[in-house]
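Subject: Structure handover and notes

Hello,

Here is the structure you were waiting for, with my notes below it. Please read them with the model open beside you.

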Amino acid sequence: MPLQPHVQAYLEETKALNQPPTSAQTPEQVRQAIKAEIAEYGEPEAVARVENRTIPGPGGEIPIRIYTPQGSGPFPILVYFHGGGWVVCDLDTHDGICRSLANRAGCVVVAVDYRLAPEHKFPAAPEDCFAATKWVAENAAAINGDPTRIAIGGDSAGGNLTAVITQMARDQGGPAIIFQLMNCPCTDFSMTAPSIERNGEGCGLDKADMIWFMNHYLNNESERKDPLASPLLAADLSGLPPALIITSEYDLLCDEGEAYGHRLKEAGVPVTISRYEGMIHGFIGSPLDLEERGMNECAAALRAAFASK
């Protein structure tokens, strides 16, 4: 189907601003532009409690933000990895998503401010995310959480990190993860999926932007084939937790996200692949109207996973 009318209008409004593309800017310029955009957001959704703290990591202290919903607990836990191409975004850019998921899924959300490239290239991000996931499992009681009900999730680059961390946890004997949530994930740096060309220009996230992110994140060409960067290329996907993979019809990452889901299914992993027709990359948490439906689907999947334990 064509782009949904409100999505088309959003893209046209964005184009009319005549801002340089991400690929023509420095990381710091893009980060500052995002900060300016955040400053225009309205009041955040209320949650019972929000705590900022730091935890030990392989490259120094890792900032995290803990969102606790109403209730007495102990609550199930979602460890959340933000998107932003491993180069931009932080706890503040994804504050709204984390608040909504905490309230709608009835869980503690632990957002992880992992190290960003190009200052900290691959594999700094997965190392930090894995360390944070282990910390959450070991300290669940201290944050009023249930260590037997831990899920992980993320959007875009965070979806990539979600896939990677579940593989690391399986291969390294834990921690136990009961569910994985991936929104518009990048799963394959070969960039050969048909949607890369089909949706590579004019749909919000361009192919040139993706190459810009990749070049800042990875150290060399060979790392494109490393499963810790391209989880789709892992030889074995068996024994991984059930998953919800959300994709968008007009996202250049659509096909590789769905390919990862199909490979999980072939490996015997329960998976729901949910494609949003007429939508673009990263619509959950964006100004687009379908944010509500996507957010509700994520929350419902988390509630079902937590209830099954």
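Helices (H or I, at least four residues) and strands (E, at least two) are DSSP runs, numbered from the N terminus. P74, for example, is found in the loop between β2 and β3 (75-81). This is a predicted model, in which local features need pLDDT of at least 70 and side-chain atom pairs count only at pLDDT 80 or more, while totals for chains, interfaces and linings use all residues. Residues are numbered from 1 along each chain as its sequence is written, and side-chain values use heavy atoms, with hydrogens and water left out.

Strand β5 (residues 145-155) and β6 run parallel and are joined by five bridges; two strands count as paired if DSSP finds at least two bridges between them. Right-handed here means that, with the strands pointing away from the viewer, the path from the first strand over the helix to the second runs clockwise.

Strand β6 (residues 179-183) has five of its five residues buried, so it is largely enclosed by the rest of the structure. Buried means under 20% relative accessible area, exposed means over 50%, and partly exposed is in between (1.4 Å probe, protein chains only). In a regular strand the side chains alternate between the two faces of the sheet. In β6, F179, L181 and N183 point one way and Q180 and M182 the other way, and all are buried.

On to the next strand: β6 pairs with strand β7 (residues 243-248) in the parallel sense over four bridges. M182 has I245 in β7 as its bridge partner, and L181 stands opposite L244 in β7. Six of the six residues of β7 are buried, so this strand too is largely enclosed by the rest of the structure. Both of its faces are covered, with A243, I245 and T247 buried on one side and L244, I246 and S248 buried on the other.

β7 also pairs with strand β8 (residues 271-276), in the parallel sense and over six bridges. There, S248 stands opposite Y276 in β8. The chain gets from β7 to β8 through helix α8 (residues 254-266), in a β-α-β crossover that is right-handed.

The second largest pocket

The second largest pocket holds about 170 Å³ of space. Of the 14 residues that line this pocket, R31, C89, D90, D113 and L116 are the closest to its centre. A pocket is found on a 1 Å grid over the protein atoms alone, as an open set of points with protein on both sides within 12 Å along at least five of seven lines; a 1.4 Å probe is used, and lining residues have an atom within 4 Å of a point. Grid points are joined across faces, edges and corners, and the volume is the space filled by probe spheres set on the points.

Helix α2 (residues 27-38) gives the largest share of the lining, four residues. By type, the lining divides into seven nonpolar, one polar and six charged residues. Ala, Val, Leu, Ile, Met, Phe, Trp, Tyr, Cys and Pro count as nonpolar, Asp, Glu, Lys and Arg as charged, and the others, Gly among them, as polar.

T68 lies in strand β2 (residues 62-68) and counts as buried, at 11% relative accessibility. Leaving aside its neighbours within four places in sequence, T68 is in contact (heavy atoms within 4.5 Å) with V47, A48, R49, F75 and V108.

E223 sits in the loop between α7 (207-217) and β7, and is buried with a relative accessible area of 14%. Apart from neighbours within four places in sequence, E223 touches F122, L218 and A229. E223 and F122 are 101 residues apart in sequence and 8.5 Å apart in space, C-alpha to C-alpha.

Backbone points to check

Most residues other than glycine have a negative phi, and most peptide bonds are trans. The G73 to P74 peptide bond is cis, with omega near 0 degrees. The bond from A117 to P118 is also cis, with omega near 5 degrees, and P118 is in the loop between β4 (108-112) and α4 (124-138).

N144 is not a glycine but has a positive phi of about 60 degrees. N144 is in the loop between α4 and β5 and counts as partly exposed, at 29% relative accessibility. C184, likewise not a glycine, has a positive phi of about 50 degrees. C184 lies in the loop between β6 and α6 (194-198) and is buried, with a relative accessible area of 4%.

Regards
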